[in-house]
Amino acid sequence: MSDRPTRHFLRDDDISAAEQREILELALAFRKDRHLEQPFAGPQAVAIIFDKPSTRTRVSFSTGVAELGGYPLVIDSATSQLGRGEPVADTARVLESMVSAIVWRTFGQELIEEMAAHSSKPVVNALTDSFHPCQILADLAAVADARGGVDALAGLSLAYVGDGANNMAHSYLLGGALAGMHVRIGAPADYMPDERIVLDAKRIAAEQGGSITVTTSHDDAVAGADIIATDTWVSMGDEDQYAARAHVFGGYQVNAHSLEIANDGAQVLHCLPAYRGKEITADVIDGPQSIVWLEAEYRLHAQKALLAWLARR
């Protein structure tokens with residue numbers, strides 16, 4: 001057993017810029033050869049725990065672990081002892097003795113941090129209320145693929161408009177900064193990103209030649225952008241807030257106007273599920289500048305790359 005500390009992926013900046021690049025390069029390689037590496041051959045099991053409903057995360061991690069030669073042990077927490085109140089630390093101690101990695105889609109960031117604190121096996125954040133780092137790896141890989149390689153990322157302007165306080169905005173700030181991008185967040189004043197995360201992103205951006213801008217203006221965020229990203233206005237579990245949120249977020253819709261003021265050929269991202277006519281119009285998400293379906297596919301390749309990379313540590 002290695003004496004090196006276990007590497008976990010709990011937020012986007014748990015890896016360095018150079019390490020992010022390695023993972024993205026590997027993601028592009030996995031798209032060309034889906035069985036390029038099989039670090040979990042045996043098969044070794046990877047626990048994939050769900051506290052929230054899922055389509056892309058469940059399918060991509062389950063398929064990915066299988067293609068890496070492993071056994072995807074999918075656990076719905078509602079039917080496990082974890083869902084009945086077993087301490088996270090106890091679950092971690094049991095799982096680490098039986099599986100090669102732990103993937104968890106959960107609520108509070110503190111939960112996955114506790115899991116990692118008690119696990120000698122890599123723990124991967126498949127989504128928390130604070131961050132969605134695997135999604136951003138997929139997004140960056142999709143942009144790199146569409147633009148000719150990972151070298152194309154540095155210097156691009158990425159505008160995210162909508163709920164700036166959610167996990168996607170936080171991960172775009174950190175992940176985009178690591179890639180050397182100019183990240184702009186356009187959000188209502190009451191839905192701004194966590195200032196601590198903004199400060200972390202600004203520090204990283206300064207090191208990598210990028211920049212961070214946070215504004216209340218859709219147009220200021222999107223004007224001249226190379227990439228436009230958005231997310232649903234209502235997070236899972238907050239559906240009863242839609243009417244109030246729609247009034248606040250109406251001016252942040254990604255639509256034809258967004259494309260008109262962005263750079264020529266700007267590409268559009270959405271992590272899905274999407275609600276056409278709300279945060280994004282049908283003509284945009286289904287139009288020629290959308291790379292949303294490539295982005296969704298890269299959940300598989302990027303997560304395989306991450307797991308393979310972690311398995312080498």
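**Entry 1: the cysteines**

I began with Cys271, which is buried, with a relative accessible area of 8%. Buried stands for under 20% relative accessible area, exposed for over 50%, and partly exposed for what lies in between, using a 1.4 Å probe and protein chains only. The model is a predicted one, where local features need pLDDT of at least 70 and side-chain atom pairs count only at pLDDT 80 or more, while totals for chains, interfaces and linings use all residues. Residues are numbered from 1 along each chain as its sequence is written, and side-chain values use heavy atoms, with hydrogens and water left out.

Next I looked for disulfides. A disulfide is a covalent bond between the sulfur atoms of two cysteines. Here the rule is a pair of cysteine sulfur atoms within 2.5 Å. By this rule I counted zero disulfides. Cys134 is in no disulfide, and its nearest cysteine sulfur, that of Cys271, is 13 Å away.

Helices (H or I, at least four residues) and strands (E, at least two) are DSSP runs, numbered from the N terminus. I found an open sheet of five strands, in the order E7-E6-E5-E8-E9, with parallel pairing. Its edge strands are E7 (211-215) and E9 (267-270), each of which pairs on one side only. On average, neighbouring strands of this sheet are turned by 20° against each other, direction ignored.

Two strands pair if DSSP finds at least two bridges between them. Strands of a sheet pair through backbone hydrogen bonds, either parallel or antiparallel. How many bridges join E6 to E7? I counted five between strand E6 (residues 182-186) and E7, and the two run parallel. Within this pair, Arg184 stands opposite Thr213 in E7.

**Entry 2: two helices**

I then turned to helix H5 (residues 133-146) and helix H6 (residues 167-178), whose axes come within 9 Å and cross at roughly 55°. H5 is therefore oblique to H6. Angles under 35 degrees count as roughly parallel, over 145 as roughly antiparallel, 65 to 115 as roughly perpendicular, and the rest as oblique. Axes are lines fitted to C-alpha atoms, for helices over the stretch in contact, and angles run from 0 to 180 degrees between N-to-C directions. The crossing of H5 and H6 is right-handed, meaning that the near helix is turned clockwise from the far one by less than a right angle.

**Entry 3: UniProt records**

An unreviewed UniProt entry places a "binding site" feature at Asn167, Asp231, Ser235 and Met236. UniProt positions are in the numbering used here, feature names are shortened, and annotations may be inferred rather than shown by experiment. I located Asn167 in helix H6. Is Asn167 buried or exposed? Asn167 counts as buried, because its relative accessibility is 11%.

The unreviewed entry also has the domain annotation "Aspartate/ornithine carbamoyltransferase carbamoyl-P binding", covering residues 7-143. The end C-alpha atoms of residues 7-143 lie 26 Å apart, and the span is 42% helix and 16% strand.

**Entry 4: two further residues**

Asp90 lies in helix H3 (residues 88-96) and counts as partly exposed at 33% relative accessibility. Asp90 and Met115 are 25 residues apart in sequence and 8.9 Å apart in space, C-alpha to C-alpha.

Gln208 is in helix H7 (residues 195-208) and counts as partly exposed at 33% relative accessibility. I found 40 Å between the C-alpha atoms of Gln208 and Leu82, which are 126 residues apart along the chain.
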